[in-house]
Amino acid sequence: MTKEFLTIMDLFSPRNHSISSSVEAGLELIEKLSTEDFVHYMLGIDYDRGFIERCLTGADQGLLEYLKQEQRLLLQQPEKTKRQFMQFLFSYLPYFSKEQRRFEPWIIRSVHEIQEKLSEDPYSFVSNIHPRFHVKDTYVEFHKAKNYRFSYSDLQKIYVIPSTFVYPHLLLGIFDESISVGYPVETPGNTEKFTVPNDLIKVMKALSDPTRAAILKSLLHHPYCIQQLSDLHGISEPAVLKHIKLLKETGLVWSERRGYYIFYHGDQSRLEMLTVELHQFIDMPHYKNSKE
């Protein structure tokens, strides 16, 4: 239901030290959110509070048509969605606790190493956090699905957040007058061979067919039903259905029913994420061995 990957994490500013002591405290913070705040964090910053309030109160039902079916469900049944979300998080907590026990010593060790390196040469250290995070004389820049540039004159702090999850991702947090960047923590004992991500391969295959790519382009500009796409591209309806099925499997297309017809939409944000996935694929080491 979230517009982007884990936008609920935007709730946890690195300045809020009151929740940094435990995961349980973070879950309690989510649980205490008002309905409007919960929906806001789930949908992400692209939807302002005025839009969310109008949707929740039913002031303008037409606004829901601009959202995916899952997002409409969130706005139509926010309390039920919140209960399901919290049940999911708490059910995963025992498994996460085991992971945390194994990885926490490396994270704590990394915190001390970061502090030492920052005191010795902060510019050099921050410059080498990630190949797509650039430190310039007057600004820092992140290269993700789009470029993010932050002038030092607009920032009070840059937080460095150690994480065993981050690599090869480039994690960026944006807060009031501050930003955060994820720092990859090595976890000795893990040996991983290089693999090509299956989801990336599926998307590339979906875009490799000229007709399928043309259908996606049409759906990015306007929603169409199957028979309209058949007329528009001069192919049979069964052929259109086959292409649509592959595009839906990759998340590039989503659907909504309107009366007797099902209309399909292209997902621009999913297409933009392809840039991020390509970057992560290129950044991924060919072979990683803790003994090296």
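Which residue in E6 is the bridge partner of Phe-175?

The structure is a predicted model, in which local features need pLDDT of at least 70 and side-chain atom pairs count only at pLDDT 80 or more, while totals for chains, interfaces and linings use all residues. Residues are numbered from 1 along each chain as its sequence is written, and side-chain values use heavy atoms, with hydrogens and water left out.

**View 1. The pairing of strands E5 and E6.** Phe-175 has Ser-178 in E6 as its bridge partner, and the two strands pair in the antiparallel sense over four bridges. Strands (E, at least two residues) and helices (H or I, at least four) are DSSP runs numbered from the N terminus, and two strands pair if DSSP finds at least two bridges between them. On E5, Gly-173 and Phe-175 make up the covered face, whereas Leu-172 and Ile-174 make up the uncovered one.

**View 2. Glu-177 in the loop between the strands.** Glu-177 lies in the loop that runs from strand E5 (172-175) to strand E6 (178-184), and in this hairpin, with two residues between the strands, Glu-177 takes a positive phi near 60 degrees. Glu-177 counts as partly exposed because its relative accessibility is 47%; by relative accessible area, buried means under 20%, exposed over 50% and partly exposed in between, with a 1.4 Å probe and protein chains only. Leaving aside neighbours within four places in sequence, Glu-177 is in contact (heavy atoms within 4.5 Å) with Asp-154, Leu-155, Gln-156 and Lys-157. The C-alpha atoms of Glu-177 and Asp-154 are 6.2 Å apart, although 23 residues separate the two in sequence.

**View 3. The largest nonpolar core.** This core has 23 residues, and those with the most contacts inside it are Ile-30, Leu-33, Leu-43, Ile-52, Leu-75 and Phe-85. At least two residues of this core come from each of the helices H1 (23-31), H2 (35-43), H3 (49-57), H4 (69-76) and H5 (78-120), and H2 gives the largest share, five residues. A nonpolar core is a set of buried Ala, Val, Leu, Ile, Met, Phe, Trp, Tyr and Cys residues joined through side-chain atoms within 4.5 Å.

**View 4. Leu-27 in helix H1.** Leu-27 is part of helix H1 and counts as buried because its relative accessibility is 8%. Apart from neighbours within four places in sequence, Leu-27 is in contact with Met-86, Leu-89, Phe-90 and Leu-93.
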